[in-house]
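Good morning, and thank you for coming. I shall present one protein structure, and I ask you to keep the display in view while I speak.

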Amino acid sequence: MPNKRISTENLIKLHEALLIFPPYSKERRNEILKFSKENDVSEWTVRRQYNEWMSISIEGRKDKGTSKIAPKQEVEYWIIMVAAVQLATLNKKGHMCSTRRAIEILENGITYDDIPFKLPSGKLTISTANRWIRSLKIRNRRKFRNFIPIHFRAEHSNELWQMDVSPSDAKYFGDSIRRDGRKPYIYSVTDDHSGVVYAEYRETRDEDIQAGFEIIYAAMSEKK
């Protein structure tokens, strides 16, 4: 008895369902088994006819690689949060929580920088998260990549000012150390484009915010 032919429409639906799973994954085989049961054919019949159809439609779907669970930008944010949870649990031995555990933590909800975040339950699977982590090149195997930061550089004067506070090489001013614990610090303000520096010495306890504001005001004020 000849094998039952599966319609092209159903093969396309199967192809769309399999796209979100990595090759040779358990989830992919479960999807094929589910499809074979729904269409009353064997697993091998489904695989053979699917592979034959794929050899004819070699280009595949035009939206291959795009997310089916949410917009791409939103999924990328989910993946970054998963990686952030794993990075937060990374210990000195290089061990961290699994992707499954990271997803569970996010589904229960977390607060980051006073902003609550909760991953929609059941939306993000382990295989999808791992595939996106690889595609975004967030980490190689179990090691996170060290990204080289690209700092902003001002193209015009007064576009970006940088402020720095450093302990002075001088131990103290005057003949004796101050009893109130103040020490000499150098406060400097630098224009990122021109490199112009305005600096003053101040005796403060560590880095003083008020002194910093005073230096900024002095740097921006009109000079003789």
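Predicted model: local features only at pLDDT ≥ 70, side-chain atom pairs only at ≥ 80, totals over all residues.

Residues are numbered from 1 along each chain as its sequence is written, and side-chain values use heavy atoms, with hydrogens and water left out.

Which residue meets the side chain of Glu 214 in a salt bridge? The partner is Arg 202, at 2.6 Å from N to O. The pair links distant parts of the chain, twelve residues apart, with Arg 202 in strand E7 (residues 197-204) and Glu 214 in helix H7. Helices (H or I, at least four residues) and strands (E, at least two) are DSSP runs, numbered from the N terminus. Arg 202 counts as partly exposed, because its relative accessibility is 22%.

Let me stay with salt bridges. Side chains of opposite charge can pair when their charged atoms come close. The rule used here asks for a side-chain nitrogen of Lys or Arg within 4 Å of a carboxyl oxygen of Asp or Glu. By this rule there are eight salt bridges.

In one, the side chains of Arg 47 and Glu 43 meet at 3.0 Å, N to O. These two residues are four residues apart in helix H3 (residues 43-56), so about one helical turn separates them. Is Glu 43 buried or exposed? With 10% relative accessibility, Glu 43 counts as buried, whereas Arg 47 is partly exposed at 27%.

In the other example, Glu 52 pairs with Arg 48, and the closest N and O atoms are 3.4 Å apart. Glu 52 and Arg 48 are also separated by about one helical turn, because they are four residues apart in helix H3. Glu 52 counts as partly exposed at 34% relative accessibility, and Arg 48 is partly exposed with 33%.

How many residues does the largest nonpolar core have? It has 19 residues, and those with the most contacts inside it are Trp 78, Ile 79, Val 82, Leu 106, Leu 119 and Leu 124. The elements that give two or more residues to this core are helix H4 (72-88), H5 and helix H6 (126-135). H4 supplies the largest share, seven residues. By a nonpolar core I mean a set of buried Ala, Val, Leu, Ile, Met, Phe, Trp, Tyr and Cys residues joined through side-chain atoms within 4.5 Å.

Val 82 shows what these contacts look like. Not counting residues up to four places away in sequence, Val 82 touches Thr 99, Ala 102, Ile 103, Leu 106, Leu 124 and Ile 133. Contact here means heavy atoms within 4.5 Å. Apart from this core lies another, of ten residues, among them Ile 6, Leu 14, Val 46 and Trp 53.

Let us look at H5 itself. In this helix (residues 99-108), Thr 99, Ala 102, Ile 103, Leu 106 and Glu 107 are buried. They lie on the same side of H5, because they cover an arc of only 135° around the axis. That arc is taken from the directions from the helix axis to the C-beta atoms. Arg 100 and Asn 108 are exposed on the other side of H5.

Just after H5, Gly 109 takes a positive phi of about 100°. Gly 109 belongs to the loop between H5 and strand E1 (110-112), and at 33% relative accessibility it counts as partly exposed. Leaving aside its neighbours within four places in sequence, Gly 109 is in contact with Phe 117 and Lys 118. Gly 109 and Pro 120 are eleven residues apart along the chain, and their C-alpha atoms are separated by 9.4 Å.

Which residues make the nonpolar patch of about 500 Å²? They are Met 163, Ile 209, Phe 213, Ile 216 and Met 220. Patches are made of residues with over 30% relative accessible area and no salt bridge, with like charges joined within 9 Å and nonpolar side chains (Val, Leu, Ile, Met, Phe, Trp, Tyr) within 5 Å. The areas come from the Shrake-Rupley method with a 1.4 Å probe, and for residues only the protein chains shown count as cover. Helix H7 (residues 209-220) gives the most to this patch, with four residues. Met 163 is placed in strand E5 (residues 161-167).

Methods. Buried < 20%, exposed > 50% of the residue type's maximum accessible area, 1.4 Å probe, protein only.
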